[in-house]
Each structure stands twice: as C-alpha cells, then as structure tokens.
Amino acid sequence: MKRLADLTFDNSFSRLPAGMHARVRPTPLQGAHLASLSPAAAALLELSPDSLREQEAVAALSGSQLLPGMDPIAMCYAGHQFGHYVPQLGDGRALVLGEVLTAGGARWELQLKGGGLTPFSRDGDGRAVLRSTIREYLCSEAMHGLGIPTTRALCLFGSDEEVYRERIERGALLVRMAPSHVRFGSFEVFYHRQQYRELQQLADYVIDHDFPDLRDCERPYLALLREVVGRTARLMAQWQLAGFAHGVMNTDNMSILGLTLDYGPFGFIDAYDPGFVCNHSDHRGRYAFDQQPSVGLWNLTCLAQALLPLLDADDADASVEQARDALADYEPAFAASYVSGMRAKLGLREAHPDDPALAASLLDLMAVSGVDYTNLFRDLAALCLDEAASATPLRDRFIDRPAFDAWADDYRARLRAEGSGDATRAAVMRSVNPRYVLRNYLAQQAIERAEQGDYSEVDCLLDLLSRPFEEQPERQGYAAEPPDWGRRLEVSCSS
C-alpha cells in the first residue's frame, strides 16, 4: 500500500479547452483536521489508510499544498434546475485536484468539495458545512455498501472555520472520488451556447476516457447516448428498490456514468409513502420518490437534445429520430431492472407475469398502513410456508390485517409453485434486503456529536453501513424505526 505522495497524479480534463473548466487553487481550510476516512475508498487508490493521517496528506487534501501532477480545476456546466434551464452553473465549491492512476489501470478523480471560491461560485462562499459533508460522506459509502453505483468518499475534514448558512456552522471538506464528474449539464452548456465544436470535444473525451469500447461503433455518439440511457434506467430502478430519494434530480446532478451524484437533501423512506418528498424546498413534489423514474427519463431527454448536433450532422430530422429511438430503450430497461430486483427482494427465483402485480399490491398495503419499508422487506424473509397467514407477526404492522392475510396467501402460493424452501429463500432475501440504511435520524445523531468534536458516531455508521446486509447484534438498535423527533426531520439543499 502507498502513501499519498507516492500516487501518480494527472488531470486529463484540464487539457481540454479552457471554456470547459477554470484553473483554481484551493483555498486552505482553516484549522483543518482529518475527522474520518474510508479504508474501502482508500483501497481503490492502493493507498494506505494510515498514510492519510500524515501531515503531508492532510495538507494536500485540505487545500494547503499541491502534490506533483495535481492541476486543480472547477468544471463548467449548465443544467435544468426544477425544470428550468439555468445557462451558467459549474463547480461553485468543488475542485478536481486530478486523477490518480493506479497500478491496476484504474483512474479516480479526487475532488475537494468545499475547497473555496471558484469563478462559478455565483453568490456562494465556496465552502461546505459539517452537517452536509457528513451526510454525503456517509451516504456515498452506504450506497456502495448497498451495491448502488455512486461517487465515493475518501475522507472528511473538519475545521475551525466558521461558515454561515441558516446559522453559523463549522466548515468542513469532503474528498470525493469518481472515475469522472462529467454531468448531463456538462453537455447542455455547450449545446445551448451553440458551441458545437466544444460539444464534440467533450463527447470525444468522455468516449475515449470512460467508454473506449464505443469508439469503434458506427455511430459513437448515438452509442454513448444509448449507454447513458441504460445506465440511468438501471440506477433509477436501484434507487426505487432501496427506498432512496435523491431530492434534487436536476440535470447538473446527473452523472454521465450513471452514478449517484451530489448528495444534498436525500432520504431513505421510513414509513412507506410513494409520494415521499425529502427536500422541504421541493414545494411541488417534482422530485418525490415515485416521480424519480419519470424524472430520470426527462433528464435524459435534455441530454439527448444536447447531443442532437452530433448524432447526424447532415440531417436534423434523422438526429431527432435517433435520439427518440435511444430514449425509447429507457422504460423497458427500467422495468426489467425493477421487476428483476423486486423478485429478488421477495425471494422469487422464477419469472411470472403476475409478479409486478404481487409486488404492487404489497406496496399498496404498506402505503395505507405506513409500514417501514426497509424492515418489512428484511423481515419478510422469516415468513414460513407451512404457517397460516394469520400466524405471522408481520400482519400486526398492517391496519387491514385481513387484506395482508390475503396477500400472504397469494405470496405463499406463488412460492410453493416454484418449490421454494424457507431456509434457502431466507438467506437469499437477506442478501438483497438490507438490515441497515442511513436513516436521517441516524445521520442527525452523528452530526450533533461531530459538532461537539466527537466523530466516533460517524466512524461507527461508516462501518455499520459498509455491511448493511449482515446482522450486527451489538448494533441492532440502528435498525430501529425513527423516534418521533426523527420522523419530523427536514432537509434542504444546504443539508
């Protein structure tokens, strides 16, 4: 394992035309101290976790001193925010230090989130606060633990610096990792400016850098769009299956790689509510939980529009038709991924035409009764085939117990039809239905302790959520439904 100074840094994106980024040196975080680190993320860089505690590493990752090969930039992009196009956004508080090139051939961009003012900061201060940084740090690693594509979090820095949001808070900094931080909005900005040369240069970079197998396709830009459509469809299905709500699905928060990107007012569903809105600033519920799949397609339509000049340079109508064909792949890809995932959650081995209806009827019952989403699916693994429907304690979680009994009868019949065995099915279900997720109240408890200088709960949650499918008896309380105060938590874009 290596020290940070032993890593090889590059920044291929910084060699693109200047209009795609701005070179900016980080603004050192005052009194920066390493608060927590992710050993799993460090391993991706072939990096010794302990080396991150060394003074040289702290200085480099908190913005005080650059290492050879680092070439920090803020990326330029636009985006549709709550459905409205904003022509100039960009990294207002994030800086890509460069890419780490590993011996295994992987490339990981290291980005400082909270690294200071950039030309894209608009009226912001370029900083991040401790609460929002902790939430992204924990959730990005928790999503990886769930098997959901995501940016990663290497480490978290606290500081003595004061930052004003709704109140004076402690400044913090997150070191974020991803193979690329290019977004849908990265393409939109050049399309709407009619800078088609730059648009093509960006597309070529993404293909060469992230999808080299597409370069030999007859229509590489169409192949790129199709690839992103498929990845996004699968990501949306995984969000729905995990009960995860993003909160701000603007096109500038959509990754070209199909990663979960930019954790702000996110939330995992506690009591199941398909219309769950986790962002108290989303007054119209545009990004409600049950709207995420359709918003994913809407955002892809914006990306497809931005790529139109590249699809067929000689025939605009042909470009539109190609884009429509690519977008038509979204709904079947989403449905296939979602139905397959729901079968796994229910412990079903074989595909049956009635499976979507079986799952939907359970979700309807859960919504009426406000049943805890994560715990119900986890505990459903204990249901036995040879017991009466009215015997399972799960029925007591439902207001309409006879309706659940009827559903359980149908479910057991479905299981018997494929020769399901209780023990084998239970093991499979527990491998896909987590015992632990990052509930908002758990994050809030960790934040409150960290604001007093105690990061032990952050580290505890990091470890817990790296193994969400394992029973951890000593931490069983972390699977509990939220207390009354935890049900009323509100999060916003500054959270």
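Predicted model: local features only at pLDDT ≥ 70, side-chain atom pairs only at ≥ 80, totals over all residues.
Local features were taken at pLDDT of at least 70 and side-chain atom pairs at pLDDT 80 or more, while totals for chains, interfaces and linings use all residues. Numbering starts from 1 along each chain as its sequence is written, and side-chain values rest on heavy atoms, with hydrogens and water left out.

Strand β10 (residues 152–164) is mostly covered, with 10 of its 13 residues buried (under 20% relative accessible area; exposed is over 50%, partly exposed in between; 1.4 Å probe, protein chains only). Strands here are DSSP E runs of at least two residues, helices are H or I runs of at least four, and both are numbered from the N terminus. Two strands count as paired if DSSP finds at least two bridges between them. β10 runs antiparallel to β3 (residues 33–37) over 4 bridges, and L34 has F157 as its bridge partner in β10. A hairpin of 3 residues links β10 to β11.

On to the helices. In α5 (residues 196–210), the buried set is L199, L202, A203, Y205, V206, I207, H209 and D210. The buried residues of α5 pack (heavy atoms within 4.5 Å) against β7, β8, α4, α6 and α7.

In α13 (residues 422–430), R425, A426 and M429 are buried. These three sit on the same side of α13 because they cover an arc of only 100 degrees around the axis, taken from the directions from the helix axis to the C-beta atoms. The face turned away from that buried side carries A423 and T424, both exposed. The buried residues of α13 pack against α9, α11 and α12.

How values were computed: Expected span 1.5 Å × (residues − 1).
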